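Please examine the sequence and the structure shown below. The report that comes after them is written for a reader who is new to protein structure.

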Amino acid sequence: MKKTLITLAALILTTTAGAADYLTTSETAPTGKDNTLTLYYETTFNLVGNSLAVGDYLPSVTLMTNKNQPYDTTAKTDKVRIFSVLASIDTPVCNQQAQDLSNFVKANPELTDNIEFIGLSADTTFALDRFKNEKGITDNLTLLSDAKDHVFGFESGTQINELGLLARSTFVVDKDNKIVHIQRVPELTMIPDLDKAVEVAKKYF
């Protein structure tokens with residue numbers, strides 16, 4: 001455990017040194033208990049919770065937005081949704097993942113007519129709002145917090161047991177709340193493939 005905490009602290013502290021360009025990967029692994037992920041390919045963590053697969057329906061969870069408003073993951077919608085799941089915005093990889101997502105949405109405003117882009121993490125709503133304001137995150141990106149009870153983490157199988165954070169993942173959900181694409185990145189320093197998620201989402205407009 002001591003090694004785990006030291007490694008995590010080192011990862012967080014590198015934020016102040018300036019974020020590097022972390023690589024996007026197409027690699028994926030299952031969610032849920034009995035599955036693992038790595039940090040720097042050295043430290044192994046365990047996932048807990050239910051396993052989800054393409055064809056499953058997204059679990060019903062009430063999360064909170066960065067403005068402390070409730071958000072029901074199963075509320076009726078006329079848009080396809082892309083959930084970009086982050087470990088913590090206070091790590092440089094998540095910083096890049098969130099800003100890349102925001103920049104993509106800014107560069108492709110026409111997609112927001114048919115896609116709701118969502119960034120989801122175990123950070124508090126206050127941390128998410130601070131991050132949004134400091135980094136100039138677009139208003140067209142919904143920011144959600146799973147900090148209170150980690151219900152999304154457990155229901156989606158993205159909860160990292162040792163850290164209380166979420167495994168970096170992407171879920172694409174159609175208008176009927178059915179999961180049509182999942183990527184759960186097996187290495188915490190890699191970023192999910194947003195282009196692939198958008199490519200899949202376009203098929204369900």
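## Overall form

The model is predicted. Its protein chain contains 5 helices and 11 strands. Along the principal axes, the C-alpha atoms occupy a box of roughly 45 × 35 × 30 Å. For 205 residues, a compact globule would have a radius of gyration near 17 Å, and the 16 Å of this chain agrees with that value.

Of the 205 residues, 54% count as buried. Among contacts with a separation of 6 or more, 69% are between residues 24 or more positions apart.

## Surface and charge

The accessible surface of the protein chain amounts to about 9,500 Å². Carbon and sulfur atoms contribute 50% of this surface. The chain carries 19 positive and 26 negative side chains. The centres of these two sets are 1 Å apart.

## The nonpolar core

In soluble globular proteins, nonpolar side chains tend to be buried together. In this chain, the largest nonpolar core has 52 residues. The members that touch the most other members are Ile82, Phe83, Phe117, Phe152, Ile160, Phe171 and Val198.

Two of these residues may be considered in turn. Leaving aside neighbours within four places in sequence, Phe83 is in contact with Leu58, Tyr71, Ile118, Leu120, Leu144, Ser169, Thr170, Phe171 and Val173. Phe117 belongs to strand 6, which spans residues 115-121. Phe117 has a relative accessible area of 1%, and it is therefore classed as buried, the cut-off being under 20%. With neighbours within four places in sequence again left aside, the contacts of Phe117 include Ile82, Leu101, Phe104, Val105 and Val198. Leu141 is also in contact with Phe117; the two residues are 24 apart in sequence, and their C-alpha atoms are 5.3 Å apart in space.

## Helix 3 and its surroundings

Helix 3 covers residues 125-135, and its buried residues are Thr125, Ala127, Leu128, Asp129, Phe131 and Lys132. Against which elements do the buried residues of helix 3 pack? They pack against strand 3 (62-65), helix 2 (92-107), strand 6 and strand 7 (141-145). Helix 3 is followed by Gly136, which has a positive phi near 70°.

Helix 2 also contains Ala107. Ala107 has a relative accessibility of 56% and is exposed, because the cut-off for that class is over 50%. Ala107 and Thr74 are 33 residues apart along the chain, and their C-alpha atoms are separated by 28 Å.

## Residues in loops

Two residues have a positive phi although they are not glycines: Tyr40, at about 55°, and Asn177, at about 75°. Tyr40 is in the loop between strand 1 (36-39) and strand 2 (43-48), whereas Asn177 is in the loop between strand 10 (169-173) and strand 11 (179-184). Is each of them buried or partly exposed? Tyr40 is partly exposed, with a relative accessible area of 33%, while Asn177, at 10%, counts as buried.

Thr158 is located in the loop between helix 4 (151-156) and strand 8 (159-160). Its relative accessibility is 0%, so Thr158 counts as buried. Apart from residues up to four places away in sequence, Thr158 touches Thr31, Leu47, Val48, Phe152, Gly153, Leu165, Leu166, Ala167, Ser169 and Phe171. Phe152 and Phe171 in this list are also among the core residues that touch the most other members.

Lys79 lies in the loop between strand 4 (70-72) and strand 5 (80-85). At 26% relative accessibility, Lys79 is partly exposed. Not counting residues up to four places away in sequence, Lys79 touches Thr112, Asp113, Asn114, Ile115, Glu116 and Lys175. Lys79 and Pro59 are 20 residues apart in sequence, and 17 Å lies between their C-alpha atoms.

Note on methods
Residues numbered from 1 in each chain as written. Predicted model: local features only at pLDDT ≥ 70, side-chain atom pairs only at ≥ 80, totals over all residues. Heavy atoms only, no water. Helix = DSSP H or I, 4+ residues; strand = E, 2+ residues; numbered from the N terminus. Rg over C-alpha atoms; globule rule 2.2 N^0.38 Å. Buried < 20%, exposed > 50% of the residue type's maximum accessible area, 1.4 Å probe, protein only. Contact = heavy atoms within 4.5 Å. Areas by Shrake-Rupley, 256 points an atom, 1.4 Å probe, with all protein chains shown as cover. Lys, Arg positive; Asp, Glu negative; His and termini not counted. Charge placed at Lys NZ, Arg CZ, Asp CG, Glu CD. Core = buried A, V, L, I, M, F, W, Y, C linked by side-chain atoms within 4.5 Å.
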